[in-house]
Amino acid sequence: MKALTFKRYGKSPEIGFTEVQRPLLMPNELLVQVHAAGINPIDNMIPTGMFKPVLKFQLPATLGSDLAGVVIEVGRDVTRFKPGDAIFASLFDLGIGSIAEFARVPEHVAALKPANLDFVQAASIPMVGLTSWQALNEHSKLLPGQKVFIHAGSGGIGTFAIQLAKHLGATIGTTTSTGNVPLVRRLGASEVVDYKKQNFEQVLSGYDTVLGTIRGDAIEKSVSIIKPGGKIISLIGPLDAAFARSRHLNFFLKLVFGLMSRKIIRLAAKRGGTYSFLFVRPDGKQLAEIGELLESGLIQPVIDKVFPFDQAKEALEYLAQGRAKGKVVISIV
């Protein structure tokens, strides 16, 4: 079968199409014909080796995490799905990829595709949906009436997280460029800072939660807008010692990650707040709950551009430009 792979880590990872063997199923897995694969910024980071100590791949490795497709075969221990079922899933952190004609999907990470979404729309959801869900429901425990600030509201994470936060009853602040202000307001943001005209840390205050999605000094600047007891949850780092412990990493990496996050933890503590790094985990049960919100129309996919399968590499290059409004998806079937 055909898959988009990378052959090595570093500046020249040799990303391209490769003929690979169709996956062999474990007893608890589904064989899925992939109809569409959503892509995420981390798909461009993995081949650089940035996450090599944390994410394990056997090279050459298939790229991509998000998919939507049809089950064509099930392992002997599978009980929740059958051939012919349309599903969506995230394969992130499992050492397997989604930008391929077929993928093996562990049963516990899959959920039935929302009936009102096509495969492209469904493939745009898993990572951004699970990340937002775990950040706002688990880490933040966001309550109705609280305030949440979401960096880069027009991006893949932002467009989903704003809608979820609105559903949870929160007041939402965000940053975006001039042309995207109407989009983020329509999704549910009420305090919108045009970053081309203002600095968010100079005009916002009193936030219970900050969801960090962009690199640079934005996380440190976010400290000034949280209230005492506020939480800064970062999706882009710095990694912290708690993350290293949760992954059972060695002492050296625990030390390194602890040093990397020491400054932001100290700054947050001075405000009476906390800092944590969030590494999303695949979870089919949570994805099914997200699917219910999508089927009810309470949350809607936001898709910037769809690329055909033979332009999958170009899709990653386009995503790397950082200009997408919502998600970028590769249509495979």
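Colleague: Which residues line the second largest cavity?

Modeller: Ser124, Ile125, Val128, Gly156, Thr159, Phe160, Gln163, Gln300, Pro301, Val302 and Lys327 line that cavity. A cavity here is a set of points on a 1 Å grid over the protein atoms alone where a 1.4 Å probe fits but cannot get out, and lining residues have an atom within 4 Å of a point.

Colleague: And what kind of model is it?

Modeller: It's a predicted model, where local features need pLDDT of at least 70, side-chain atom pairs count only at pLDDT 80 or more, and totals for chains, interfaces and linings use all residues. Residues are numbered from 1 along each chain as its sequence is written, and side-chain values use heavy atoms, with hydrogens and water left out.

Colleague: Back to that second largest cavity: what's its volume, and which helix gives the most to its lining?

Modeller: About 50 Å³, a volume being the space filled by probe spheres set on the points, which are joined across faces, edges and corners. Helix H4 (residues 156–167) gives the most, with four residues. Helices are DSSP runs of H or I, at least four residues, and strands are runs of E, at least two, numbered from the N terminus.

Colleague: How does the lining divide by class?

Modeller: Five nonpolar, five polar and one charged. Ala, Val, Leu, Ile, Met, Phe, Trp, Tyr, Cys and Pro count as nonpolar, Asp, Glu, Lys and Arg as charged, and the others, Gly among them, as polar.

Colleague: What about the largest cavity, how is that lined?

Modeller: Seven nonpolar, three polar and two charged residues, including Phe6, Asp43, Phe57 and Asp93. Its volume is about 60 Å³.

Colleague: OK, helices. At what angle do H3 and H10 pack?

Modeller: H3 (residues 126–139) and H10 (residues 284–296) pack at about 100 degrees, with axes 10 Å apart. Axes are lines fitted to C-alpha atoms, for helices over the stretch in contact, and angles run from 0 to 180 degrees between N-to-C directions. So H3 is roughly perpendicular to H10, a label for angles of 65 to 115 degrees.

Colleague: Which residues of H3 and H10 meet?

Modeller: From H3, Pro126, Gly129, Leu130, Trp133, Gln134 and Glu138; from H10, Gln286, Leu287, Glu289, Ile290 and Leu293. Contact means heavy atoms within 4.5 Å. By class, that's six nonpolar, three polar and two charged.

Technical notes
On a 1 Å grid over the protein atoms alone, a cavity is a set of points where a 1.4 Å probe fits but cannot get out, and a pocket is an open set with protein on both sides within 12 Å along at least five of seven lines; lining residues have an atom within 4 Å of a point. Angles under 35 degrees count as roughly parallel, over 145 as roughly antiparallel, 65 to 115 as roughly perpendicular and the rest as oblique.
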